[in-house]
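My entries are below, in the order I made them.

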Amino acid sequence: MIAFRAGLRARSLPASRWAQRPSALLPKRSERLPNTVRFVSESAPNASAPAAAAAEAVKEAPKEVAKRATRKSRKGRYATSLALVLLVGYVYGTDTRASIHRYAMVPLIRAVYPDAEDAHHFGVDILKELYQYGLHPRERGNPDRNGDLSTEVFGHTLSNPIGISAGLDKHGEIPDPLFDLGPAIVEIGGTTPLPQDGNPRPRVFRVPSQNGMINRYGLNSKGADNMAAILKQRVRDFAYATGFGDYENVEQRILNGEANVPPGSLVPGKLLAVQVAKNKLTPDNDIDAISRDYVYCVDRLAQYADILVVNVSSPNTPGLRDLQATAPLTAILTAVVGSAKNVERKTKPHVMVKVSPDEDSDEQISGICEAVWNSGVDGVIVGNTTNRRPDPSQSTLPEKEQQTMKETGGYSGPELFDRSTALVARYRSLLDQGPSQASDAAEQSPAEQPRKVLFVSGGITNGQQALAALNAGASVAMMYTGITYGGIGTVTRVKQEMREELQKK
Ligand SMILES: Cc1cc2nc3c(=O)[nH]c(=O)nc-3n(C[C@H](O)[C@H](O)[C@H](O)COP(=O)(O)O)c2cc1C
């Protein structure tokens with residue numbers, strides 16, 4: 001409107017005033033092109049000069065035309081080159097195979113954000129932002145297409161056996177960009193019923209010499225309702241983008257499988273896991289209240305999940321790990337399984353429990369397995385961060401890292417690998433023996449007891465390790481810390497290394 005009025009006013013100015021008006025846009029007369037034809041009245045000290053100038057201008061005209069053409073074609077070449085550079089940059093920069101992600105972006109982000117939590121927020125925000133404009137990194141060429149890594153989980157054929165562990169996308173803001181990095185499973189959360197801040201900062205620390213981390217986030221969460229709203233909108237966006245429109249019942253149609261994609265991931269061959277936890281302030285000794293916390297989350301989120309994960313293993317919520325004792329665990333898991341069965345959706349989400357690597361005595365493991373059988377959960381994620389500090393002994397670490405090692409919190413990274421793999425093997429063997437005689441499930445015939453599914457999480461950073469963890473009895477190998485050190489191409493690389501390893505055999 002303002003521009004429109006200004007235009008009117010400009011047009012109404014008398015022509016003479018335009019002529020007098022010194023314009024910043026016009027070059028000064030003395031600067032005008034030498035071959036510009038001038039009117040006689042403008043200057044002309046003598047009569048022959050204009051004629052000579054006109055002749056000169058006529059002579060120069062073809063040259064000027066040629067010059068303009070050259071300039072135009074040069075501009076065209078620049079524009080084409082720029083477009084090409086941008087295109088190549090786009091294709092390269094958005095390809096998870098590009099080594100820039102590992103060797104340039106990771107060190108750069110670490111230098112720019114000395115605080116690991118700031119780096120985490122940056123990573124989430126930038127992925128979210130880039131995804132909106134289709135500029136996010138993605139796995140190109142569908143390397144999983146020939147099915148060489150495919151695996152069966154809960155009756156779904158997954159495109160590969162790699163997952164991204166909980167905690168990377170705490171609030172469910174970036175499941176889609178994470179799926180595009182190549183994993184078949186993305187676990188979002190952990191979320192708590194009510195929003196909570198978690199522990200005071202700083203609360204995430206790097207241990208670079210070990211590619212490790214220590215965190216005591218303390219399950220910072222925006223709450224289950226917030227996550228449900230995000231996931232609901234995601235389903236509606238998916239429906240709109242796939243031609244289902246924007247009608248009132250569209251969400252239910254997608255959740256009931258009309259789009260032929262799993263209702264959680266919304267991507268064929270992939271599954272979305274949603275992790276739930278209790279609020280810190282819910283009393284540790286009130287199992288009913290704790291069960292209600294988990295059920296609250298399940299009631300809000302189950303419809304958007306392919307898998308629900310019950311977190312009883314984060315080391316940074318006081319009392320949480322005590323819930324792995326058989327009786328409380330059975331109570332909580334039974335409540336969750338019951339609630340998950342009530343979800344208004346054709347297919348119900350499967351339920352898994354994520355256990356700690358530190359509760360690893362025979363008694364503790366068999367107690368957990370008993371709770372698994374008694375409650376009817378479908379599987380176990382082994383394990384989480386550890387309260388123990390790894391060898392090599394701290395004296396070999398740089399001074400700063402020796403201090404970091406003393407921080408309270410859960411340790412993660414490659415040093416966890418041996419322990420988590422050994423633990424998977426123990427869970428596999430125990431669960432495959434079926435329910436103990438003491439278990440409520442013991443009465444069922446073996447045919448009624450589907451094999452419990454195991455995922456492994458702890459220290460996986462390369463293809464060989466992923467294969468070893470899978471061979472120990474897991475169906476999916478999940479990663480977190482490996483991605484923070486290896487960059488967004490890590491999943492693609494690990495899968496490629498798995499293929500190479502398999503071809504050797
Ligand atoms: C910064 C950070 C935050 C995490 N947050 C969660 C979480 O919210 N819930 C959870 O179950 N595990 C959480 N974890 C644990 C990871 O999901 C994973 O189980 C653990 O780090 C071991 O795997 P890794 O060695 O591949 O990282 C977190 C880990 C890190 C490093």
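The entries start with the model itself and then go from the sheets to the loops.

**Entry 1. Ground rules.** I am working with a predicted model, in which local features need pLDDT of at least 70, side-chain atom pairs count only at pLDDT 80 or more, and totals for chains, interfaces and linings use all residues. Residues are numbered from 1 along each chain as its sequence is written.

**Entry 2. Overall counts.** I listed 16 helices and 13 strands in the protein chain. Helices (H or I, at least four residues) and strands (E, at least two) are DSSP runs, numbered from the N terminus. I then looked up burial: 39% of the 505 residues in the protein chain are buried. A residue is buried if 20 or more other C-beta atoms lie within 10 Å of its own, exposed if 12 or fewer, and partly exposed in between, with C-beta atoms placed from the backbone. For contacts between residues at least 6 apart in sequence, I noted that 73% join residues at least 24 apart. Contact here means C-beta atoms, placed from the backbone, within 7 Å.

**Entry 3. The barrel.** Which strands close into a barrel? I traced 8 strands in the order β3-β4-β7-β8-β9-β10-β12-β13, with parallel pairing. Two strands pair if DSSP finds at least two bridges between them. Neighbouring strands of this sheet are turned by 25 degrees against each other on average, direction ignored. Axes are lines fitted to C-alpha atoms, for helices over the stretch in contact, and angles run from 0 to 180 degrees between N-to-C directions.

I checked one pair in detail. Strands β4 (residues 185-191) and β7 (residues 271-276) run parallel and are joined by 5 bridges. In this pair, Ile 188 stands opposite Val 274 of β7. Helix α9 packs on the sheet and touches β4, β7 and β8, with its direction at about 150 degrees to that of β7. I also found helix α13 (residues 417-432) lying across β10 (379-382) and β12 (453-457), at about 170 degrees to β12.

**Entry 4. The open sheet.** I found an open sheet of 3 strands in the order β5-β6-β11, paired antiparallel. β5 (204-207) and β11 (410-412) are at the edges and have a single partner strand each, so one side of each is left without a neighbour in the sheet. The twist from one strand to the next averages 20 degrees. Strand β6 (residues 212-215) is joined to β11 by 3 bridges, and Ile 214 has Tyr 411 as its bridge partner in β11. Helix α5 (residues 116-132) lies across β5 and β6, running at about 100 degrees to β5.

**Entry 5. The core.** Which residues touch the most other members of the largest nonpolar core? I noted Leu 301, Leu 308, Val 310 and Val 336, in a core of 99 residues. Helix α9 (residues 287-301) gives the most to this core, with 7 residues. A nonpolar core is a set of buried Ala, Val, Leu, Ile, Met, Phe, Trp, Tyr and Cys residues joined through C-beta atoms within 7 Å.

Leaving out residues up to four places away in sequence, Val 336 touches Tyr 294, Val 295, Val 298, Leu 308, Val 310 and Val 351. Val 336 is one of the buried residues of α10, as are Leu 329 and Ile 332. The buried residues of α10 pack against α9, β8 (307-311), β9 (350-355) and α11 (362-375).

Entry 6. Most residues other than glycine have a negative phi, and most peptide bonds are trans.

- The bond joining Arg 201 and Pro 202 is cis, with omega about -5 degrees, and Pro 202 lies in the loop between β4 and β5.
- The bond from Val 382 to Gly 383 is cis, with omega near 5 degrees; Gly 383 is in the loop between β10 and α12 (399-404).
- Asn 211, in the loop between β5 and β6, has a positive phi near 50 degrees. Asn 211 counts as partly exposed, because it has 18 C-beta neighbours inside 10 Å.
- Asn 260, in the loop between α8 (250-255) and β7, has a positive phi near 60 degrees. Asn 260 counts as exposed, because it has 7 C-beta neighbours inside 10 Å.

Technical notes. Two residues are in contact if their C-beta atoms, placed from the backbone, lie within 7 Å.
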